[in-house]
Amino acid sequence: GPSPKVKVAIEKELANINRYPESDLEELKKEFARYSNVKPEQIIVGGDGADELIDTLAKTFIEPGDEFIVPLPSYMYYEFLFKPYGAIPNYAKWNLETNTLDLDSVLNAINEKTKLVTIQRSKGYQSRPSFSVKQIGELIKFVKEIKPEVICMVDNCYGEFVEIIEPSDLGADMIVGSLIKNPGGGLAPIGGYICGKQKCID
């Protein structure tokens with residue numbers, strides 16, 4: 001169930017339960033910005049959840065013929081979301097013997113058509129470990145040294161509140177998450193968020 005702190009916070013707000021919610025969600029954006037060490041203008045809140053917002057990113061940034069990198073094993077729904085817009089997947093691999101990402105496979109996957117790298121922070125239902133923020137930062141640095149314009153998108157579902165720093169502290173271009181999971185305390189029925197560099201948000 002939800003955290004006792006979440007229950008206390010909800011009880012405090014019961015007196016306002018009859019009021020319409022903020023249409024611009026400014027308070028929520030401010031809290032996400034504070035947590036992620038970015039400006040509120042770099043936060044978008046909305047949608048049904050992370051999947052819908054990843055689809056929005058695909059519509060925004062992907063053009064037919066673009067390629068995107070998926071480190072395997074990973075969330076295979078990325079392919080379902082990107083392929084309808086003409087994107088072509090390339091695969092990197094997780095070395096399960098050393099519990100590290102095979103950087104040679106990332107290097108081999110990057111080419112002139114590479115537009116985006118998907119990074120699933122949580123292991124989800126996979127056999128690999130979850131990415132630490134440090135590992136995510138190292139991967140982003142590696143990719144940017146090869147092709148600086150590649151968009152590094154971090155799927156942050158289940159990753160919030162686990163470490164002191166977030167992927168936004170280590171160069172992630174776009175971070176996508178769900179309000180239904182960690183940030184919602186098990187209570188939010190719907191919603192997602194994007195935390196991105198200003199040029200991506202614009």
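**Entry 1: surface patch**

For this entry I take a patch to be made of residues with over 30% relative accessible area and no salt bridge, with nonpolar side chains joined within 5 Å. Since the model I am reading is a predicted one, I treat every value below as computed from it. With that rule I looked up the nonpolar surface and noted a patch of about 300 Å², made by Ile10, Leu14 and Ile17. I then placed Leu14 in the chain and found it in the loop between helix H1 (4–13) and helix H2 (26–36).

I next searched the whole structure for cavities of 30 Å³ or more, and the search returned one. The largest cavity holds about 40 Å³ of space, and I listed its lining as Phe32, Tyr35, Ser36, Asn156, Glu166, Ser168, Ile175, Tyr193 and Cys195. Sorting that lining by class, I counted five nonpolar residues, three polar and one charged. Which elements supply at least two residues each to this lining? I found H2 and strand S8 (192–196), and of the elements it is H2 that gives the most, with three residues.

**Entry 2: an open pocket**

Last, I turned to the second largest pocket, for which I recorded a volume of about 290 Å³. Its lining comprises 16 residues, and those I noted as nearest the centre are Tyr75, Gln120, Tyr125, Tyr158 and Lys181.

Methods: Residues numbered from 1 in each chain as written. Predicted model: local features only at pLDDT ≥ 70, side-chain atom pairs only at ≥ 80, totals over all residues. Heavy atoms only, no water. 1 Å grid on protein atoms, 1.4 Å probe; cavity = no way out; pocket = protein on both sides within 12 Å on 5 of 7 lines; lining within 4 Å. Points joined across faces, edges and corners; volume = space filled by probe spheres on them. Patch = residues over 30% accessible without salt bridge, like charges linked within 9 Å, V, L, I, M, F, W, Y side chains within 5 Å. Areas by Shrake-Rupley, 256 points an atom, 1.4 Å probe, with all protein chains shown as cover. Salt bridge = Lys/Arg side-chain N within 4 Å of Asp/Glu carboxyl O. Helix = DSSP H or I, 4+ residues; strand = E, 2+ residues; numbered from the N terminus. Nonpolar A, V, L, I, M, F, W, Y, C, P; charged D, E, K, R; others polar.
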